Amino acid sequence: MTVTKIRTDVSAVKELLRSDKEFLKPLIQGAVQEILEAEMTETLGAEKGERSDGRLGYTSAASWRAWSTP
């Protein structure tokens, strides 16, 4: 098995972060999205768009009520 050592030039990383303030934003957003979707899948017991016996298909905000207007 080959072990590859990666040496990071700290000054180059610091310069990149100084020059582009939004550098990490898309990376962090992607990681957080992946984590949230995995948690939702685990909690609901079904993948996004997939149905399972326990799911009714309603969002937490959906409710049925009679509307009355003046």
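## Largest pocket

The largest pocket of this predicted model holds about 210 Å³ of space. Of the 10 residues lining this pocket, Glu37, Met40, Leu44, Glu47 and Lys48 are the closest to its centre. The lining divides into 3 nonpolar, 3 polar and 4 charged residues.

A pocket here is an open set of points on a 1 Å grid over the protein atoms alone, with protein on both sides within 12 Å along at least five of seven lines; lining residues have an atom within 4 Å of a point. Volume is the space filled by probe spheres set on the points, and grid points are joined across faces, edges and corners. Ala, Val, Leu, Ile, Met, Phe, Trp, Tyr, Cys and Pro count as nonpolar; Asp, Glu, Lys and Arg count as charged; the others, Gly among them, count as polar.

## Basis of the model

Residues are numbered from 1 along each chain as its sequence is written, and side-chain values use heavy atoms, leaving out hydrogens and water. The model is predicted, so local features need pLDDT of at least 70 and side-chain atom pairs count only at pLDDT 80 or more, while totals for chains, interfaces and linings use all residues.

## Fold and surface

The chain has 2 helices and 0 strands. Both element types are DSSP runs, numbered from the N terminus: helices are H or I with at least four residues, strands are E with at least two.

Of the 70 residues, 1% count as buried. Buried means under 20% relative accessible area, exposed means over 50%, and partly exposed lies in between (1.4 Å probe, protein chains only). The accessible surface comes to about 7,300 Å², and 58% of it belongs to carbon and sulfur atoms. Areas come from the Shrake-Rupley method with a 1.4 Å probe.

## Nonpolar patch

Val13, Leu16, Leu17, Phe23, Leu24, Leu27, Ile28, Val32 and Leu36 make a nonpolar surface patch of about 730 Å². Such a patch joins nonpolar side chains (Val, Leu, Ile, Met, Phe, Trp, Tyr) within 5 Å, using residues with over 30% relative accessible area and no salt bridge.

Helices H1 (10-19) and H2 (25-44) each supply at least two patch residues. The largest share, 4 residues, comes from H2. Leu36 is found in helix H2. Its relative accessible area is 45%, so Leu36 is partly exposed.

## Salt bridges

The structure holds 2 salt bridges. Each needs a side-chain nitrogen of Lys or Arg within 4 Å of a carboxyl oxygen of Asp or Glu.

Glu15 pairs with Arg18, with the closest N and O atoms 3.5 Å apart. Both lie in helix H1, 3 residues apart, about one turn of the helix. Glu15 is partly exposed at 43%, whereas Arg18 is exposed at 52%.

Glu22 pairs with Lys25, with the closest N and O atoms 3.7 Å apart. Glu22 is partly exposed at 46% relative accessibility. Lys25 is partly exposed, also at 46%.

Definitions and conventions:
Patch = residues over 30% accessible without salt bridge, like charges linked within 9 Å, V, L, I, M, F, W, Y side chains within 5 Å. 1 Å grid on protein atoms, 1.4 Å probe; cavity = no way out; pocket = protein on both sides within 12 Å on 5 of 7 lines; lining within 4 Å.
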